[in-house]
Amino acid sequence: MENILILPGDGIGPEVMGEVTRIIDWFGTHKGFEVSIDHDLVGGCAYDAHGAAISDAAMEKALAADAVLLGAVGGPQWDNVDYAARPEAGLLRLRADLELFANLRPAICFSALAEASSLKRDLVEGLDILIVRELTGGVYFGEPRGITDLGNGQRRGVNTQVYETYEIERITRVAADIAMKRTKKLASSEKRNVMESGQLWFEEVNRVIAADYPEIELQHVLADNCAMQLVRQPKQYDVLVTDNLFGDILSDVAAMLTGSLGMLPSASLGAPDAATGRARALYEPVHGSAPDIAGQGKANPIASIMSFAMALKYTFDRGADADLLERAVMQVLDKGFRTGDIMQPDMQLVGTSAMGDAVLQALDELGS
Ligand code: IPM
Ligand code: MG
């Protein structure tokens, strides 16, 4: 049987993942999706329980799972904890130890939500871009890092932006393979005007595409310009490949184009296993733990639900079920159900579990 590890995490994580669990159950009952589900801690809650942002036991489960579904990590109560034990370190360890180097962040603007975007409707309506973010390298993991005391009343903070050829090559291939199934347009973003690691990125992307993807129309865009272009004319992009740090920033920008950070799912994938063809995978919403609304039943569960749809597609090879779930979410939005983050005049304001109810009802209508 397939097995899923759910790591709800902190803040709104447990609330949104509660809705995902109900959706998984629906697919079990109605679509024969038999799966065993286990839960564990990650983030601040794990730190409070074990003194580490993820325990070795939870890591073991994650390594053995077909898919990990994560809610969110972090909160102000852990702001003064060391980086090594901070909530975010749990997520970073999962990404590193599972070798999840490819992070897919689709930004799709549903027409029902075009008004919720801070940009004008015609700029975002129909938007469908995919950010492919490198996830296990760059400044997030580069050494040396740290804060040192210089002894003269000054301190020095250091992080290292570092990429090697193989890291750039494999993420380029993931992005290019996807681009080949879409419009064959690929944009790559770095800061080669000031960073050698960016120059290497640029050269390696060029090399891989020229050698193996002659049909792809490749464009390079400096990361600052890319941020500007994303708000100026987002639909000019289709697939966008970039490094860990720029991908973090650009995907938040892209998220806002879709109306709310509460809408964006993501998949983090490793290399496919040589024997089974299946890749290690972790699915999580792009949004964070939203401590300001945690525990109030207000959070939007759609990003987490859509992340599960990505799991159905990428890990469980259930493309039809993934489509069904996406259509159910669209129907719910078309009917006017809105959580606070995407609320619009004349729409019906609902909380987390009522949004879950609405998706389940749409699934009943569309798919059973
Ligand atoms: C994200 C988040 C994480 C990141 C944090 C929580 C470590 O912002 O997934 O985009 O910076 O990668
Ligand atoms: Mg981020």
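**Ligand contacts and helix packing in the predicted model**

An oxygen atom of ligand 1 lies 2.8 Å from an N or O atom in the side chain of Asp248, a polar contact being a pair of N or O atoms within 3.5 Å, where pairs within protein must join an atom able to donate a hydrogen to one able to accept it, and residues adjacent in sequence count only if both atoms are side-chain atoms. The model is predicted, so that local features need pLDDT of at least 70 and side-chain atom pairs count only at pLDDT 80 or more, whereas totals for chains, interfaces and linings use all residues. Residues are numbered from 1 along each chain as its sequence is written, chains are lettered from A and ligands numbered from 1 in the order in which they are written, and side-chain values use heavy atoms, with hydrogens and water left out.

Two further residues place polar side-chain atoms beside oxygen atoms of the ligand. For Tyr140 the separation from an oxygen atom of ligand 1 is 2.5 Å, and for Arg95 a separation of 2.7 Å was computed.

Two packed helices are described by the angle between their axes and the distance between the axes. Helices (H or I, at least four residues) and strands (E, at least two) are DSSP runs numbered from the N terminus. Axes are lines fitted to C-alpha atoms, for helices over the stretch in contact, with angles from 0 to 180 degrees between N-to-C directions.

Helix 3 (residues 56–64) and helix 4 (residues 87–97) cross at roughly 40 degrees, and their axes come within 11 Å. The two are therefore oblique to each other; angles under 35 degrees count as roughly parallel, over 145 as roughly antiparallel, 65 to 115 as roughly perpendicular and the rest as oblique. Asp56, Met59, Ala62 and Leu63 of helix 3 make the contact with Arg93, Leu94 and Asp97 of helix 4, contact meaning heavy atoms within 4.5 Å. This contact has 4 nonpolar, no polar and 3 charged residues. Ala, Val, Leu, Ile, Met, Phe, Trp, Tyr, Cys and Pro count as nonpolar, Asp, Glu, Lys and Arg as charged, and the others, Gly among them, as polar.

Helix 6 (residues 165–181) packs against helix 7 (residues 196–212) at an angle of about 50 degrees, the axes being 9 Å apart. Helix 6 and helix 7 are therefore oblique. Their contact residues, including Ile168 and Ala176 of helix 6 and Trp201 and Val205 of helix 7, divide into 8 nonpolar, 2 polar and 5 charged.

For helix 11 (residues 319–334) and helix 12 (residues 352–367), the angle is about 120 degrees and the axes are 8 Å apart, which makes helix 11 oblique to helix 12. Among the residues that meet are Leu324 and Val329 in helix 11 and Met355 and Leu366 in helix 12. This contact divides into 11 nonpolar, 2 polar and 2 charged residues.

Most residues other than glycine have a negative phi, and most peptide bonds are trans. The peptide bond from Glu143 to Pro144 is cis, with omega near 0 degrees; Pro144 lies in the loop between strand 5 (128–134) and strand 6 (146–149). Lys184, although not a glycine, has a positive phi of about 65 degrees and is placed in the loop between helix 6 and strand 8 (185–190).
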